[in-house]
Structures are given as structure tokens and as C-alpha cells.
Amino acid sequence: SKRTVPAELYRLPLRPTGAATIKAEPILKLDSLPQPSQDQLRNAMKNGWGWQPTAMDFAPDGKSALVLTYDGVNYFSRSDGQSWPEALQGRALHLSLGKYKNAESITYTDDARAAIVTVEKKHAPLIRIELDVN
């Protein structure tokens with residue numbers, strides 16, 4: 001949920017059984033992401049919603065996750081045996097998108113050495129971000 005402060009992470013079953021309606025289950029508040037100040041909240045219509053998450057992806061090897069906000073990429077690593085909620089409450093490495101704003105989607109490359117991001121606009125570019133984080 002990008003409209004709550006802090007943002008919240010929910011989950012749904014991959015293979016729901018029986019029920020016609022499935023309710024998303026809250027997992028955690030993502031207060032590990034950069035949080036807006038009161039001034040940013042008051043002036044968001046004019047200055048933007050940069051702190052709001054718009055996408056998330058998990059590395060193919062399960063060792064890291066990317067949480068995209070309108071302003072940047074937050075890289076979370078996960079230790080062996082650590083749960084995702086624990087890892088997502090840890091400190092993230094924040095990667096800037098530079099001149100690009102309004103980022104909307106993110107995915108890892110197959111080898112997890114880079115992320116591909118795109119923004120919300122006509123003829124949107126694909127932005128490759130190298131993840132040399134080790």
C-alpha cells in the first residue's frame with residue numbers, strides 16, 4: 001500500500017482454495033523505507049510523492065529484494081535463515097534514479113546483477129541499474 005505512511009506490505013496466497021473473495025493479509029509496515037516529513041506530506045500535490053513505493057521484486061536466488069519508489073531503488077539483502085519480514089525491516093541501500101522521476105516498475109535481470117526500471121510516461125525509457133552491491 002503506497003498510500004499509507006509508512007507503506008504496508010500485504011500478501012495473497014498463490015493458490016487460493018475455496019473462497020470467491022480473497023482478502024490480502026498485512027505482513028508489515030515498511031518503515032525501513034525513507035519516510036516523508038510533515039512538510040512533504042502537506043505539499044505532496046505540488047512537490048510529488050517520491051517516498052511512495054510503486055513496485056517490488058525478489059532476486060531469482062532469494063537473497064535480495066528491490067523496492068522501488070517514485071524517486072529511487074531500495075536494495076534489501078537477506079541473510080541465510082532470515083525471513084523476508086526481518087530482511088525488509090533492515091537497512092536498505094538506496095540507489096538514485098537521477099533525472100528520472102515517477103518510476104513505476106522494476107525487475108531483476110536473470111543473473112540479478114542489474115535491475116531494469118521504467119517510468120510513467122509515454123515512450124518511457126528502460127533504465128538499467130547495475131547492482132554491484134557486494
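Contact here means heavy atoms within 4.5 Å. The structure shown in these close-up views is a predicted model.

View 1. Leaving aside residues up to four places away in sequence, Lys2 touches Gln52, Pro53, Thr54 and Tyr70. With Tyr70 there is also a polar contact between the two side chains, at 2.6 Å. Lys2 is buried but has no salt bridge. The nearest side chain of opposite charge belongs to Glu104, 4.7 Å away, whereas a salt bridge requires the side-chain nitrogen to lie within 4 Å of a carboxyl oxygen.

**View 2. The cis peptide bond between Val5 and Pro6.** The omega angle of this bond is about -5°.

**View 3. The largest nonpolar core, with 17 residues.** The residues with the most contacts inside this core are Leu66, Leu68, Val73, Ile106, Val117, Ile129 and Leu131. Two or more residues each are contributed by β4 (64-69), β5 (72-77), β7 (103-108), β8 (114-119) and β9 (126-130).

**View 4. Contacts of Ile129, a residue of the largest nonpolar core.** Not counting residues up to four places away in sequence, Ile129 touches Val73, Leu95, Leu97, Arg113, Ala114, Ala115 and Val117. Of these neighbours, Val73 and Val117 are also listed among the residues with the most contacts inside the core.

**View 5. The aromatic pair of Phe58 and Trp84.** The count of aromatic pairs comes to one. The ring centres of Phe58 and Trp84 are 4.8 Å apart and the planes meet at 65°, so the arrangement is edge-to-face; the cut-off for that class is over 60 degrees. The pair links distant parts of the chain, 26 residues apart: Phe58 lies in strand β3 (residues 53-58) and Trp84 in helix α3 (residues 84-88). Phe58 is partly exposed, at 37% relative accessibility, while Trp84 is buried, at 18%.

**View 6. Positive phi angles at Ala112 and His123.** Ala112, in the loop between β7 and β8, has a phi near 60°, a positive value in a residue other than glycine. Its relative accessible area of 21% makes Ala112 partly exposed, because buried residues must fall under 20%. His123 is found in the loop between β8 and β9, and its phi, near 55°, is likewise positive in a residue other than glycine. His123 is exposed, at 73% relative accessibility.

Key
Residues numbered from 1 in each chain as written. Predicted model: local features only at pLDDT ≥ 70, side-chain atom pairs only at ≥ 80, totals over all residues. Heavy atoms only, no water. Buried < 20%, exposed > 50% of the residue type's maximum accessible area, 1.4 Å probe, protein only. Lys, Arg positive; Asp, Glu negative; His and termini not counted. Polar contact = N/O pair within 3.5 Å; in protein donor to acceptor, adjacent residues only side chain to side chain. Core = buried A, V, L, I, M, F, W, Y, C linked by side-chain atoms within 4.5 Å. Helix = DSSP H or I, 4+ residues; strand = E, 2+ residues; numbered from the N terminus. Phe/Tyr/Trp six-rings, centres within 6.5 Å; stacked < 30°, edge-to-face > 60°.
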